[in-house]
Every structure is written in structure tokens, then in C-alpha cells.
Amino acid sequence: MLSMSTNNLSYSDQGGTDSAVEVGQETTPTSSNAGAGFGLFSVDFKKNEDLKEMLESNKESLKLEAMKRVVGLIAKGKNASELFPAVVKNVASKNIELKKLVYVYLVRYAEEQQDLALLSISTFQRALKDPNQLIRASALRVLSSIRVPIIVPIMMLAIKEAASDMSPYVRKTSAHAIQKLYSLDQDQKELLIEVIEKLLKDKSTLVAGSVVMAFEEVCPDRIDLIHKNYRKLCNLLVDVEEWGQVVIISMLTRYARTQFTSPWKEDGVFDEHNERAFYESDEEKTRDETEAKPYMMDPDHRLLLRNTKPLLQSRNTAVVMSVAQLYWHLAPKNEVSIVTKSLVRLLRSHREVQYIVLQNIATMSIQRKGMFEPYMKSFYVRSTDATHIKSLKLEILTSLANEANISTILREFQTYVKSQDKQFAAGTIQAIGRCATNISEVTDTCLNGLVLLLSNRDETVVAESVVVIRKLLQIQPTQHSDIIKHMAKLFDNITVPMARASILWLMGEYCERVPKIAPDVLRKMAKSFTSEEDIVKLQIVNLAAKLYLTNSKQTKLLTQYILNLGKYDQNYDIRDRTRFIRQLIVPNDKNGALSKYAHRILLAPKPAPVLESAYKDRDRYQLGTLSHTINTKASGYLELSDWPAVAPDQSVRNVEVIEPEWAPSLGKTGKSKPAKSSDDKFYSDSGEEEEEEEKGSGSSSSEDGSSSSSSSEESGSDAESHVQKNSSQSSEESDKSSSQSEKSSSESDSEKKERKTKTPLQKKTVKPTAKDGYHTIMEHIFNEESWTYVTKNQHTKTIFVNVINQHSVLQTFSYSHWSTLCVSLFTQLCPLSLAFPLQLSGPAFVPEKSHDLLHRMTGKGLSAQYQFPRQPCLYQPTMVSVQISLTNTTDHPLEQIHIGDRSPTGLNIHCFNTIECLEPEASVTVFIGIDFNDSTQAANFQLCTKEDHFSVSIQPAIGELLLPITMTELDFRKLLGMNESSATITMAAENMTSQPISRPVATVANLGMVPSSQDNVHRFAGKTASSGAVVLVTVELRESSTALITINTEKSVMGSMLLRDLKLALAQT
Amino acid sequence: MQLPAKMIHSLFLVNSSGDIFLEKHWKSVVSRSVCDYFFEAQERASEPENVPPVIPTPHHYLISVLRHRIYFVAVIQSEVPPLFVIEFLHRVVDTFQDYFGVCTEAAIKDNVVVVYELLEEMLDNGFPLATESNILKELIKPPTILRTVVNTITGSTNVGEQLPTGQLSVVPWRRTGVKYTNNEAYFDVVEEIDAIIDKSGSTITAEIQGVIDACVKLTGMPDLTLSFMNPRLLDDVSFHPCVRFKRWEAERILSFIPPDGNFRLLSYHVSCQNLVAIPVYVKHNITFREGSSQGRFELTLGPKQTMGKGLEAVLISSQLPRGVLNTNLNPSQGTYNFDPVTKLLSWDVGKINPQKLPSLKGSMSLQAGASKPDENPTINIQFKIQQSALSGLKVNRLDMYGEKYKPFKGIKYMTKAGKFQVLPAGTGLGFKKIIQYKYRTKHTSLQEGLNTT
């Protein structure tokens, strides 16, 4: 027994932050636990003994059985800590379920048994290096959940490593671990912020929510960390998992309030109140007002509003609520009402959800009646609603009441008054009272109605009515003597003390209006004084005093009698009051001075009570928060700041060139695709000089990607930056997924010089020779002033610069040389999409096959063919390059051949330069880049000549959307955790024998070979052009000419399509 | 010093008699004495539903939901959106229900290990980790009788042997490697109509809550699109996360890679009065006379605007006034039942034949000497209409991309009565007349008889 109770004690101490208050409260449950435990105790003790034996046995099943019982003990809140040594031995078990249960146990008890817990650490450290990402992640989860301060350095190390893991799932886990470590040891804050900063840059939707959560917990004040990631977060938001969305939205709400100016009115919050007072809910006027003053919404502000809007349709109520509060706090007044419908929809969810949503609507409806008025019926009370729901609905209905709808609302209220739920009926009467004061037209009607309620059978209803009538009469004291008389008549039947007290107070206050009745009431009261409740007694004394002052002739004796009764009352207050009143009203020698003022003291005009909503002041808390719900500041509540008077520098959100990337932004190419994750090392290596130049040069993101040319929309803040010299530079903009898309030029001096030398090239016109295909592509690159690259490899740069210098030499470059050069450059300059380098490699095989784009018959003599040269696209890395050969089969020259309209409209094509003239029988080869967005959807566009337009379309095979990469076999295996699709096929005979398997695979898809240690297994790797997702293909040859094709990629749709193509190519036909 | 950590700290499961029967802590242990504040609120509440969902205590905040007569009490230490916690708790209950079929105290106690494993996976450090049932089922197999037997014999486990892959992909709600021999996709459009009808038969409120529940058993990674004949009806919708918002906004087409198995694709709401056709009408006359110990009861119902589909499973119920001692009624079809204790009258009508309308007529005996009852009873109706969605929503077509096979596709429509009430003739308060008098000029269109429920 003794040990049991100590266990219980130590158990309660673990509460840690629980204070003495709770410990004090705890006595009851503890003792009851102990009591309950007592009977079982001896049994328990034995059980635990045999648990120990089971855990130490050799049989897995026994161990598992034991652990299950241990977990049962934990779940019941029983102490199982003495089993720690036996349990911890099983931490390295092979059985997954056993292992999991041991983890559960460890996390629960490690804090108490720190020394023993350390025994398990090495197991986790080993697991952190496991090739399987899930094992790495779960090891980190458990390691970071063991709250043992001594392992802080180990945790720190593990978190740092996991933060640069290549699996986004592990990175997500590391974001969670940050919070755990921080709550264990706040000294790690600075180091943890570094990790957060790094993870904030992560582009995986999996990580975003978790890292923002960590940010909110560790360093919510470091708003500067958000700037650079703001646009990315906005754009990712729709794809983040629902819980992460809530966290991100609430963080962005705070962010926006510090960074943008008020969209409501120029001078902020003060005016907000004015508006309310002057215009009530008149939205029209508010809008006019705002429009009158020049207000330009920051495009980033707009971006946030636009990207959160679709989330109003989430099934997760927390997401909907968080979007609603975002609109409430950030959107222009006339836009807020788009959240109404969604909020009302939430009212059909669970009771608890309704409760929170109604609270928020209650606050909103005070300021903006117009928002919810059309949905008034949704707030009608149903008899099945819980009491707190009912009173909230009542609250909202009262706030929504106006002259137009009051009769409907009052009729609804009448039914509520009859409700069986008396607390609710009383609330309704108060609500009627509020309506009566707010809307002067119905005051009389309400008053009459309330008077009728005085004859109601139910006491509570009557009492509440009296109280409300009293308040109403106080507001409008004129000509209501009838009502007072009526109440006096009912007085005998009313038993609720508060109601009786109210009537007495009314009598006293307005005794001059009912000169005959008041003394009579006093007479009755004198009789029953001793049996009244205290509050009634106090009012009797008051009434007596007031009557004494106004009508002393009739009431003098009565008053004295009552005062005498009061003098000997049991209650202090009544004795005190009596003494005070007597001194005040009965003149004697000592206090004559005061009694002169007695009339003025007792019968002073009293201010009318203000009947207002309990939710009036709630708007000081951010909507949707816990603080708002409980109407007090919860710990950890982050204040929403007021709008800044002047917007802080907008350019901080511009994203710099973060990684070396070769992004010649040619002409108005429209959207550029996002580059993959940044690499700091690269960045710092690229030299101070360049870095400085880059700082101011990021072009600001502008409106949606639908309008592709936006060079004129550059924000003024960028004007000084030298990049502006290159007008074409500024045409970039961010689209749905590109927050980091802006690439700016950062030429070194030498490059600037180069530009001068190459200027003459621009004037060159295209000659229709076969060779000029290559020429054209060169033109494209060198034509533009703005082609840019950042590289640490000076050597390459020089080569390239030399290449430019010797333009003539270039003409002689053979195609293959050129492509090799491109590839090598690309490899060095290409962004690194993963934590380890994905080397782009040259295509293993370029199929010769060309496809008809435009037949000469349909093209009125212009014929076009296309093929996929499988080169990385020079214009933008996300594009697939397509080689088009144009031939003029007519007998007259064709002029101005160019690309016209395209569909879908968002399609991103890099066009070739207009071919001014194509002579008869001549042909020209041009290159275009198409961003297929990793889908096989056809790119439709118009091929135009001076006279005609021809609609053409290019439908890529799935294999053409890939770019080959090289990697080691080890890396390949590590990455296999992605989605898998596989199929077994029977190989065609010729594929088995005559040629290596790589050939048909390479024909189908643009993949690179990965060296393989096994003869029968062939591996290929590539990445998708648009999103850079890795695609891994394994072909395993088996006996009897079958083969297993496995495709691993997170683009699961692409995976299955590629599998289909590969099956076709390899299988027997 | 420990900082107040955000999100969910601990979870206590409390039964209706106020016992904690399960506790789970994601951070340091919080003493169960914190629940005393909850018990206090529980005692104060007249009904179990009336316990406030958010209870502040000196050092913690308790956020609770009540489902299946179990309180799920989450302990919070600092600011967190309350809906976040509430939504999560409901998700926990849904998961339990999904796993154990029912969510009762007994089921939870029997499966305590699975419950613990689930809770462990669903939250990490108090932040939701895996809440998709597809993923959870891959991690932890739901218990079945067969598996339990096999497990005890062979010593194998509920925990998935293979590590799940879905969570790591861009389609976190779908597990990979799904294989079926029969590929099929079923969609059920189920609409519930909530209405309040007054005695004259005019509609006071009517709205339709619709859902599309799907049961998709398709191999691989199918990419589905579902289009509607009349998508404009759906202007108030909420989606499963798999639905692509952008596509819906641009083209009004539902495009999604479905989770495997059963899930709710979307729920919608049609509130516009004139869009909602009321499929049934009720004529009733319930009268009590002052001083008499008899009351008359007459009720007839019939179909209306059902688009040729029959009304089925019709059930009438009404809470008669306390003064009614017994009834002597005569149904033209079906069976009726009156419980003299609860005063609940129910009439199981069954199918309605439009040629021969069902009726229930007779007398009620009242307590002698009791005064005439205050209120006339409201009448609740339940019914079903197969093969029809009341709002008129129609699925146009379902297409599948990304996989080669031809799936079997099915769609079913159904309408049910939700909270469908018919009000009795009014016996309102006196002051209705005053108001109506005053506002008659302004609001002539507002009907009398709105005043009772």
C-alpha cells in the first residue's frame, strides 16, 4: 500500500506546470484512486511481477502480450514505471508492433527514469541513419519525445541532419522535433531558429504546415524570416494538409497586419468605429468612402486573399473558420461578406463547432449586421439545441434586429418564451428588452408584450419580465404609470425575490406617478417584511425612505416601523442600510446638513441602464482564437497588430536569385517555373559583388499568371535597380507555384562588356539555310541583353564568353557539340532540387522520329514537322524543347511566320523569333520551348503566316517530359520510397537478345542510365521537366523472358502512364 | 522551466457517469485532477449536451466534444484555435467508429492497444500527423474477429508489416499499390430535407443538405472527373481534400484522385426556398375543448411534387400535450402507437398510395378537470424517396484517366426527411396581435400562424 501511494504522489507531481491549486483539488481523485487501487493492489502487484517475466522471456508473443497489458495500464492512468528496465531492453526488437508499444512506454516514462532511458538512445541514433525514411522519421519522433535534458545535444544534431534529409517526411518530423526540443531547453533557441529558417525555404507542402507551427512556437516575432517565403506560402497553401493550413493562415494574418496598409480606410481603426456609429451597417457608403481615397492594395495582400478564398470550401471546419477570420481582419470591407455563406454552413456541423462559430458570428454581427441578415433564419432556435447554442443564437438574432425585420424576430421570440428551458426563456425576455431599447419604434409594443407575460404561469418568466420592464421604464419613464399600477396589482402573486425587489424599486423611483398605490404597497410590505428575502428587504427600506421624503404624511409611521424592523434584522447590510437611511431622512440635530440633501440623494435622476451585447468588446481578440472564445487572454495569445500607417518596404518579399540558375528570360515569356530549393553554399561562393547586385534586383510578383506580360507592372521600388535597364528582364512574374521564380541578372563587368560586342548580332536576319536552325537558337540566346547566369565556375564562364566572342566559330559548331555544351553548362548551373546533386546527363538516345505538325495541304503550302531533340530547354529549365522544321512548298515566299494564340491560355510556350521571310522550297529549323506542366495534355497553338493562321497541336509522349539524370546506385536505392507502380511483362524476343535493354527504354523515355551492380537489373533515372520530380525506372530481367518493370515517382499519374508506354515497348507484340 | 506548449497536450475519455476510462499524454503528463473542472461543469449542466465545449481552468483549457455519450476532453495549455481541437477530436471519434464499428466505452476498452496506437499516429507533439483513414489503416490494421483469432494463435500483429507510402507522396489520402479484380466506383447522392411547414401548408423554412458519398474500389492511381448536369445548384459546398479547387472554380467539374474505399466526396446545401419542392403534405386538425375531457384528432397526408417517385418508410411522430391520458385512433393503414408515459404518438405509415391517402382519426381522452393544454403538438415526419434527389441534382458523367481498365460505375439518388416538422394552429401569446396590428401596413405578406413550434 505504501508503495502504491508514493507512486500516486510522484505521479501527480509530474504534472509539472500544475500548480498548488490543482494539487489541492487533487486530494479527492487521488484518494479515490488509491481506494480503488487498494482492492486490486495485491492482484496488480502480482500481475506486474509476471509482466516482468514475460518481458524478459524469449518469446516474441509473450513480450507482445505483456506490452499490450502495460499499455493498458498506462491508458488507465496506472503506474507501470517499475517495469522500465524490463521494457527498455526490447527497444531494438524486430517486431514492429512490439517496438511501437515500447516507444509508447518510453515516451511516457523516460522523464522519470532518465538514466535508464539513456540506454535506448543508441538504438535511435542508429535508426536515424536507416535507409528507410519512415524508420528515420519515427526514430526522430521518439528521440525528440523523450524529455531528458541530457540528450539535448544529440537531439539538436539529429534535428539539423533531418532538416536536410532528402525525404520531405523526415523534414516534417524534424520541424515537429524543433518544438519539442525548444520546450525542453530554451537555450537552443538561436540554433533552432537557424533550422526553422532553413526549413521555411522548403518547398514541400508536407513540411510547410509543420515548420510554420514551429515558427509560431519558437520565434513568432521573427517576422523577417517570413518575408522571403511569403509568396511561396501563399501559393502552396491550397495543397498543404488541412491542419497545416490553419496554422499558416493564422500566421499570415498576423504577418499581413504588420506589412500592409489598411484596406478599410486610410486612418485605420479609429475610423472603423466612426463608420459604425454613423452608418450603422450601411455598406454602400463605406465602400464609397474607401473608393474616394486613393488606396492601392499591395499585390501581395491581394495574393493572400485570393489564395485563401478556395479554402472556404474545405470540409475541415477549422480551415473555414481561419479563412473567415483572415477575411474579417484583412479584406476590404465590401469583400468580407463572401465568408458568410461558409460560416453559416458550419452551423450544420457538430454542436461544439456550432458553438464556436456562433460565438464568432455574434462578434461579427455586432459590427456588420448586413453580413448575416439574409441568413437570419439559420439562427432560429431549434428546441433540440443545447442551452449555450440557444443563447448564442438569441444573441445574434438580437444583434441582427432592425426596423424591417423586428416583427419577424419578435414573433420568433414569442415562441421561445414558451420554451421548457426556463433559462433560455429568461434569456429571450432579456433579448426582447434589448430589441426594445435599440429600436425605438417597437419599445411600446415590447413593453406591452412583456406586461402580458407578467400573467404567465411560469415564475421565472414573470421575474425576468419584471426585471426587463424595470430597465425599460427607466429608459422611458414617461407615461407608464399604467404599467406600474399593473405591476403593483400583480405584486402579490410574484414570489421571485429579484422581481419583487424590482417592482418595489420602481414604486419608489416613480412614487410620484402612483401616489395612491405606493403607500399601500408599503403597508403590505411592512406586514411581510420579516419573511422577505434580503434584496427585497433592502428595497422595502428604499421604498420607505423615498415615500417618506415625498409623502411623509401618509407614510411616516410605516417608515419608522420598517426602519425599526430593519434595525434588528439578522443581516448586516440591512442593519447598515437602515441606520444610514434613518440618519439621512429623519432630521435631528447632528446631521441636519445632510438631511437637507436627502431628497436629492435618494431621488436623483438615475442614468438608464444600457442593454448591450455581451459580445460588444470581444472584437479586441482575433476571431477564431481561444482567447476570443473565453473572452480573456489565453497564455500564448499573439496580439494582432494594427495596420501600419505606412507600409513597410514591399521589396523585402521579393525573392532574390537564390541559386545559380541559368535563366535567360527571353522576351515576354510569361510565367517562369519555380526553381527548386536553394543552396546556400553555392550562393555565398558566387562572390560578394554579385550578391550585392542581386539584392535589389528581384522583380516583384504581380497579378495572376493569366496575363503574361507584365513588364509595365514593375513596382516602383525596383526602379533604381540596374536591372531595369533590361526591359525584357522584368517580364517575369510569379504564377501559382513560382514564388522563387524571379531571376535577376547579375552580370559581372566582363559580361557587360561582352554585351556591347555582341550588339551587332541583333540586327542579323534569318537566312533560310538548313544550318540556320542552329543559328536561330543562338540568336535567341545572344540576341537578348538579359541572358544571365550565375556560376561559381569561372572557367565555364570564360569558355562561354569566348564562344560568344567568336561568333563565327559558332557557325561551325556541329549540333552534337552544341548540345554537349548545353548539357554541361546546364549540369553545372541547374538548380539542385534535392539535398544531394541530381546531375543532368546527356540524352542516352535521341529518336529520329519526327511528327507532322502541319501538313502542306492544310497549311496552304507551309509544312511543319516537329521532333523532340531531348535537350534541356535553354529558355527555361521547366520547358521541354521541341524542334520544328518549317518548309515552304509553295512557289512564293512566305512572310512573317510566327506563333499566335495558344490554348489552354495558361500554356507557357517560348516562341521562336518571327521568321521574316521563307523562300520557296527553303526550309528552316527552329526551336521552341513548351512547359507541358508534366502532363500529356496537348499544347495547342496557332502557327501564323502573314496571311493565314493554322491551328496545330503538339502532343508529347510521356517519356519526352523527362530529363535524364545521373546518380549512383546507392542514391537510387535510397530514393525508392516514392510511389511505386510495377508490372511484369513477357519480353519480346529481340529485346532479350539483340540489344541491351537500355535501348528500347531510352526510345520511350528520356532517361539516364544508372550504373547497376547486378547484370539482370537495369536502372534508369530522370526527372520531370516541369516540376523536377524524380522518376526512377527499374527493369529486372527474370528467367523465361519475363521482366519486372518498376517505376518510382511521386508523380503517380505520370508513373502509371510511363509504365504503360514501357510495357508496350518491351513486351511481346 | 517548461514553456506552455501549443496544441493538444493530453486527452481524457470520460463516460457519462463521470469516470475517466482512458488517458493519453503527448507531452509531459498532466494530472487527471485537471478534469475536476470538467466534472464540475458536467454536474452543473442539466443535460449532457449542455456542458460548455470550452472550459478555462487556472492553468489549462479543456476543450471537449460529446459523441456517443463519451466526452473526449482535450487539455490545452495555450492559445490554439478551438475549432482546430474540436475538429480533430471529431476526427478521432470518426476513426474509432471506422475501426471498431461502434464508438462505445466497451469498444474502446476492448481495443485499448489499437486506440493507443492510433492516437500515437494521429498526433505528434500535439500536432495532427496522420488523420486520413487510408493512411491509418495502412499503419494499423482494423481489428476483425478473424484477425483477432489469428493473432492470438499465430502471435502476429495488427500493426502493418509494410511501411506505408501514401503519406510520402503528393496524394497523401490514397495508399499505393491498390489492387482489385473488380474495379468499381459507386456514388450515392443523398439529400436530407429540413423543413418547417405551417398549418396552412405553406413553407416557413426549407433547406436541403446533400452529400455525395463515394465507395471507390479502383486499382492503381485513377484520376476521376465527375461532372453535373446542373452544377449551378451547388453554390454552397465543401469538399474532401482530394478535390481540386481550381478546376471546380474554373469549370465546375469535380476532378480528383480518390481515396481508397468509402469517403464523403462533398457535402452541399440548397437553401433557396423556391428551389425546394416539398414532397409531402399533411392536413391535420387537433382540437381540445375547454371543460371537455375529450379531444379530437384528425390527420391525413399525401404526396406532392415527388416527380413520380413514391414516398416510402413514412413515419409520423408527435409529442402530445401532457394532459392527454390516452388515445383512441383509427389508422387507415400501418400501425400506430401511443405511449401514455412519454405521451409520444407514433404512426408507422409505410408506403403512401396516391390513390388511397392514409389517415389517422379518432379521439383523445384528457385528464379530468385539467385545463385545456397550452399548445397543440407539432408533427414530425420521416420519409424516404428512392431514385430521386429533391434538389434535382444530376450527375452527368464520370470519367477516369490515368488507368487503362474500364471500371464499373454506379450512381444512386435518395431523398430523406431530416428535421421535417408541421406546425399546429397557433395559440400564440397575446402580444402577437399588438405587433401584427402595428405592422400590418408594413408587412402584409407575413402570415399569421408562424408563432408556434
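Trainee: Is B:Phe420 buried or exposed?
Mentor: B:Phe420 is buried, with a relative accessible area of 2% (buried: under 20%; exposed: over 50%; partly exposed: in between; 1.4 Å probe, protein chains only). This is a predicted model: local features need pLDDT of at least 70, side-chain atom pairs count only at pLDDT 80 or more, and totals for chains, interfaces and linings use all residues. Residues are numbered from 1 along each chain as its sequence is written, chains are lettered from A and ligands numbered from 1 in the order written, and side-chain values use heavy atoms, leaving out hydrogens and water.

Trainee: How much of chain B is buried?
Mentor: Of the 453 residues in chain B, 57% are buried.

Trainee: And how many helices and strands does chain B have?
Mentor: Chain B has eight helices and 23 strands (DSSP runs numbered from the N terminus: helices H or I, at least four residues; strands E, at least two).

Trainee: Switching to rings, how many aromatic pairs are there?
Mentor: Over all chains there are 24 (Phe, Tyr or six-membered Trp rings with centres within 6.5 Å; planes under 30 degrees apart are stacked, over 60 edge-to-face, the rest tilted). One of them is B:Phe228 with B:Trp248, edge-to-face at 6.5 Å centre to centre and 90 degrees between the planes.

Trainee: Which parts of chain B does that pair tie together?
Mentor: B:Phe228 lies in strand β10 (residues 223-228) and B:Trp248 in helix α7 (residues 245-251), so the pair links parts 20 residues apart in sequence. Both B:Phe228 and B:Trp248 are buried.

Trainee: What about B:Phe383 and B:Phe420?
Mentor: They pair edge-to-face too, 5.4 Å centre to centre with 75 degrees between the planes. B:Phe383 sits in strand β21 (residues 379-386) and B:Phe420 in strand β23 (residues 408-422), so this pair joins parts 37 residues apart in sequence. B:Phe383 counts as buried, at 3% relative accessibility.

Trainee: Which residues make up the aromatic cluster with A:Trp243?
Mentor: A:Trp243 forms one cluster with B:Phe84, B:Phe88 and B:Phe127.
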